[in-house]
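Please consult the sequence and the structure while reading.

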Amino acid sequence: MFFDGYGYHGRSFEQTYRCYPASFIDKPQLENGDKIIMPPSALDRLASLHIDYPMLFELRNDSTERVSHCGVLEFIAEEGMIHMPYWMMENLCLQEGDIVTVKNVTLPKGKYVKLQPHTKDFLDISNPKAILETTLRNFSCLTTGDSIMVAYNNKKYYIDIVETKPSNGISIIETDCEVDFAPPLDYKEPERTAPSRPSNSPAEVQEDATEVEPKFNPFTGGARRLDGKPLKQQLPPSSSSSGSSDKQVNVTNGGKKSAAAPSSQNSSRQSQGKLVFGSNANRAPEKQKEPVKEEPPKKEEPKFQAFSGKKYSLRG
């Protein structure tokens, strides 16, 4: 069956046309949507068919096997040609005058669509969601793999249709569709600088431990006498062993010579400015308590009074 010399066959609409951009008929508003302009003969054929409204079409480039979907705005084109947005021609890899196949289809209402801007400048818009909603009002359908153009503030933003549900082609007319955004193609995640932490390697921990250990060593301070007297000049062990041993025996043991050996060792250690505990361990318990009773600390209190007038010899 033929209609006005053009091959419209069967009970569905399918025809080939030569495509041209919208600028050829002075229709710049076509660039802001996905609608095409068809010849009047196509309207006559579509009216005679029982098709679903709104009218949706499949565009196919047989040479590259690229497929997209669109709506129709007017039927005022010259016979044998159609006019479409230039961005749609780029999606189909079409040049001016190339052949494209147009077929009427019925698309399901969209439930989900995932978009991906080409540049991150689209995210810098004050309200990108409102701009996108306003732009999509001029669209009748979306196809997975297409790149739509959003014009705003004298600038064009291209957005890829990454995914659509429930099919690769969906209708977005009078439907609630969930929209999700993928990171822009030129988006780069900021490099995360790890906070500087002190290295806890075993070698450094061991070095730190060796530096801290001397601080906790006992008896590292200067020597002090318990009676408050200044320290005597240190003598060699050989010379101090004989003299100091006699004094130690007389003071601690009350003149007894049975403890001369341990007293000599004690005096030699005290002469070096160190405190020695347990040096009188070999003595009887009764003898260790005698120095406390004979020489109470109260008798030595006048020695610490300033300007008492008493004299002391450095030689003891």
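## Terms and basis

Helices (H or I, at least four residues) and strands (E, at least two) are DSSP runs, numbered from the N terminus. The model is predicted, so local features need pLDDT of at least 70 and side-chain atom pairs count only at pLDDT 80 or more, while totals for chains, interfaces and linings use all residues. Residues are numbered from 1 along each chain as its sequence is written, and side-chain values use heavy atoms, with hydrogens and water left out.

## The cavity

A cavity is a set of points, on a 1 Å grid over the protein atoms alone, where a 1.4 Å probe fits but cannot get out; its lining residues have an atom within 4 Å of a point. One cavity of 30 Å³ or more is counted. The largest cavity has a volume of about 50 Å³, taken as the space filled by probe spheres set on the points, which are joined across faces, edges and corners.

## The lining

Residues lining the largest cavity include D34, W87 and F139. Strands β4 (66–74) and β8 (141–143) each supply at least two lining residues, and the largest share, three residues, comes from β8. Because domain 1 (14–104) and domain 2 (112–181) both give residues to this lining, the largest cavity lies between them. The domain bounds come from an automatic or database domain assignment.

## Cysteines

With a disulfide defined as a pair of cysteine sulfur atoms within 2.5 Å, the count is zero. C93 is partly exposed, at 41%, between the buried limit and the exposed one of over 50%.

Definitions and conventions: Buried means under 20% relative accessible area, exposed over 50%, partly exposed in between (1.4 Å probe, protein chains only). On a 1 Å grid over the protein atoms alone, a cavity is a set of points where a 1.4 Å probe fits but cannot get out, and a pocket is an open set with protein on both sides within 12 Å along at least five of seven lines; lining residues have an atom within 4 Å of a point.
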